[in-house]
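This report looks at helix packing, a pocket and salt bridges in a predicted model. The sequence and structure are shown first.

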Amino acid sequence: MEENKTKLRRIAIDPVSRVEGHGKVTLLVDDDGHIAQARLHIVEFRGFEKFIQGHPYWELPVLVQRLCGICPVSHHLAAAKAIDQIAGVDQLTLPALKLRRLLHFGQVLQSHALHFFHLASPDLLFGYDSDVVKRNIIGVLHEHPDLALQGIKIRKFGQQVIEAISGKRVHGIAAIPGGMNQPLSQEAVKRLQQDIKEILPWTEGALALAKKLCFADADLFNQFASMASRYLSLVDKQGQLELYDGSLRIKNSDGSIHTDNYKDSEYDQLIQEEARDWSYMNFPYLAAEGPATGWYRVGPLARVNNCDGINTPKAEAARTEFRQLVDEGLVHNTLAYHWARMIEVVHCAEAIADLLQDSDLLSKDLVVKGEKRREGIGVIEAPRGTLFHHYRIDEQDQVEMANLIVSTTSNNEAMNESVRLVANHYLDGREITPALLNLIEVAIRAYDPCLSCATHAVGQMPLRVELQDTNNKPLHSLMKNQRGDFIENAQHEA
Amino acid sequence: MKLSTESIAIIAYGNPSRGDDGVGPLLIQQLQNEKFKTLYRVNYIEDLQLNPEHVIDLQHIKAVIFVDAAHGLSRSYNFYRLRPKHNSNFSSHIQSPENILNLFEATINKNAPLAYMLAIRGTQFALDAAMSKDTAKSVRKAKQFIINLLQKPLVDWEHSIDQIDLSLRYA
């Protein structure tokens with residue numbers, strides 16, 4: 001997309017969030033009022049690699065948990081997989097592998113539950129253009145009182161799985177080089193077995209709700225930010241959905257296979273990253289396709305589109321139904337991310353229930369030793385998509401090179417394009433409307449991007465939308481403050 | 001000093017790898033390592049950030065103290081009362097303590113426990129930054145404040161409340 005800077009007006013959406021890092025959207029508008037380009041700025045991801053360099057390799061699985069307050073376990077496990085290789089271990093013991101899988105299912109379950117119950121469901125239940133005062137979790141509580149509590153309890157259960165395995169609520173030690181730190185206790189297994197009985201039907205209810213809400217406004221579901229794209233994810237040896245370990249599969253937008261059975265350890269030949277001067281976050285692309293057209297999507301929609309099946313029955317039935325949305329090819333509806341996310345929630349609950357019956361979880365055969373190597377690459381399907389951790393150590397066992405591609409980065413181009421499509425469709429005239437601001441939020445939310453991938457965030461999170469002319473003179477602005485009030489021309493900044 | 005049957009929670013959140021952002025977890029660590037008399041059963045809860053499931057931690061307690069780093073605070077720390085309030089945010093990754101209290105009342109169907117914020121002044125929050133000396137000093141002062149507070153009956157906590165420092169922004 002060639003930008004004609006002299007003919008573009010700029011609309012900036014600026015969620016001023018925290019001391020460190022914030023998101024911002026800039027829309028470049030031509031004289032005809034069309035959105036030529038959308039730019040989502042996320043500054044949070046800078047400095048990760050530098051943060052890791054210089055630390056002894058065995059510290060990494062614990063250290064990297066601090067990169068993200070939402071999915072620390074995903075970083076923990078991706079780093080652990082890389083460190084296994086540095087420790088000279090290619091194959092874990094079966095008990096260690098099962099514990100890691102259980103830990104990961106717990107993480108994905110709770111991350112997806114947070115997004116659906118507390119963020120997506122208000123939009124879906126009340127409509128994207130409904131009163132913002134109602135369109136929040138409290139609104140959901142008033143009209144669907146059981147839902148929010150279920151969401152909280154599902155998250156709590158996921159947290160309990162993590163705590164039972166890692167010993168602590170945060171910064172626990174679960175995975176260690178070559179295996180796992182400790183088995184589950186019999187008491188923990190019994191407690192979790194009891195709790196999962198309640199969790200599983202709730203996840204099925206969430207799936208049914210997600211599906212129903214997608215169909216509630218079929219036209220919107222079909223057109224909103226929908227776009228053909230490639231999808232990248234891990235799959236297992238049978239081509240089934242795989243969250244912890246597998247090979248990389250890429251599908252073209254027509255559903256044909258672009259790449260299959262690709263070793264995740266060779267990811268750096270498959271994917272390259274482009275830096276753009278306006279963004280702290282890189283733009284990954286498929287090396288074979290080039291930066292202009294090589295972008296792809298990751299996350300729940302990618303995984304459910306890419307896999308040939310899911311190895312738990314309820315989730316597989318849901319996947320089959322989901323794929324019947326289209327006669328052939330793939331489901332490209334961006335709002336279908338919500339539906340796919342809930343298919344995975346059911347899968348996680350089913351998989352946890354199965355694993356909790358496995359006596360290997362109590363085994364102390366948890367660690368394998370090997371001969372040290374200099375390099376390791378760990379790839380995992382984090383809740384938001386494929387996550388790459390790549391490390392090389394020096395002779396003092398310290399990390400001399402680290403490369404991370406986090407899921408939100410892989411969705412960078414897709415999020416920009418989704419925002420552009422939505423803004424183009426709904427921008428009316430020269431004023432930013434509350435409806436447009438809300439819809440842009442909805443488009444970004446579908447991807448569940450990790451805007452706060454490191455610090456907690458309590459502070460203000462207003463959204464500011466600014467329309468500028470070609471001379472950067474502010475024409476109109478709209479801000480949504482923390483209470484959800486819209487304030488016109490609250491702030492003009494160049 | 002007679003131990004009350006009342007439980008309180010101290011929920012401290014922040015990222016220890018981001019300099020002063022880790023003041024909450026550090027304070028909890030120091031409190032747990034120190035022997036002091038208290039009237040209460042104290043549940044120490046540490047997290048990277050507030051999440052909806054912290055609602056569950058508010059069950060069966062009489063009071064909660066949230067501990068967080070604050071940017072732009074003119075004093076070493078600021079202790080003040082919190083009340084349930086809904087915030088509309090862009091992302092689910094952001095929860096305010098007032099929001100958690102509000103969510104508690106809406107989901108558990110009970111009044112939220114007495115809630116307070118202990119905001120501790122911080123100045124540097126970059127990834128891999130060290131904690132500043134000034135903030136380390138503020139944590140020591142805040143620790144002593146909490147220790148003194150935990151020896152007082154709840155009805156007297158109101159006397160320890162500061163005016164909210166309007167210049168603060170949470171980290």
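The contact between α4(A) and α12(A) comprises 15 nonpolar, five polar and four charged residues, and the crossing of α4(A) past α12(A) is left-handed.

## The largest pocket

The volume of the largest pocket is about 850 Å³, and among the 33 residues that line it, L97(A), R101(A), Y244(A), D245(A) and G246(A) are the closest to its centre. By class, the lining consists of 12 nonpolar, 10 polar and 11 charged residues.

## Salt bridges

Over all chains the count comes to 27 salt bridges. One of them joins the side chains of K314(A) and E204(A), at 3.7 Å from N to O; K314(A) belongs to helix α11 and E204(A) to helix α7, so the pair ties together parts that are 110 residues apart in sequence.

D397(A) and K372(A) form a salt bridge whose closest N and O atoms are 2.4 Å apart. D397(A) lies in the loop between β13 and β14 of chain A and K372(A) in the loop between α12 and β12, so this pair ties together parts 25 residues apart in sequence. D397(A) counts as buried, at 15% relative accessibility, whereas K372(A) is partly exposed, with a relative accessible area of 44%.

Definitions and conventions: Residues are numbered from 1 along each chain as its sequence is written. Chains are lettered from A and ligands numbered from 1 in the order in which they are written. This is a predicted model: local features need pLDDT of at least 70, side-chain atom pairs count only at pLDDT 80 or more; totals for chains, interfaces and linings use all residues. Side-chain values use heavy atoms; hydrogens and water are left out. On a 1 Å grid over the protein atoms alone, a cavity is a set of points where a 1.4 Å probe fits but cannot get out, and a pocket is an open set with protein on both sides within 12 Å along at least five of seven lines; lining residues have an atom within 4 Å of a point. Grid points are joined across faces, edges and corners, and a volume is the space filled by probe spheres set on the points. Ala, Val, Leu, Ile, Met, Phe, Trp, Tyr, Cys and Pro count as nonpolar, Asp, Glu, Lys and Arg as charged, and the others, Gly among them, as polar. A crossing is left-handed if the near helix is turned anticlockwise from the far one by less than a right angle, and right-handed if clockwise. Helices (H or I, at least four residues) and strands (E, at least two) are DSSP runs, numbered from the N terminus. A salt bridge is a side-chain nitrogen of Lys or Arg within 4 Å of a carboxyl oxygen of Asp or Glu. Buried means under 20% relative accessible area, exposed over 50%, partly exposed in between (1.4 Å probe, protein chains only).
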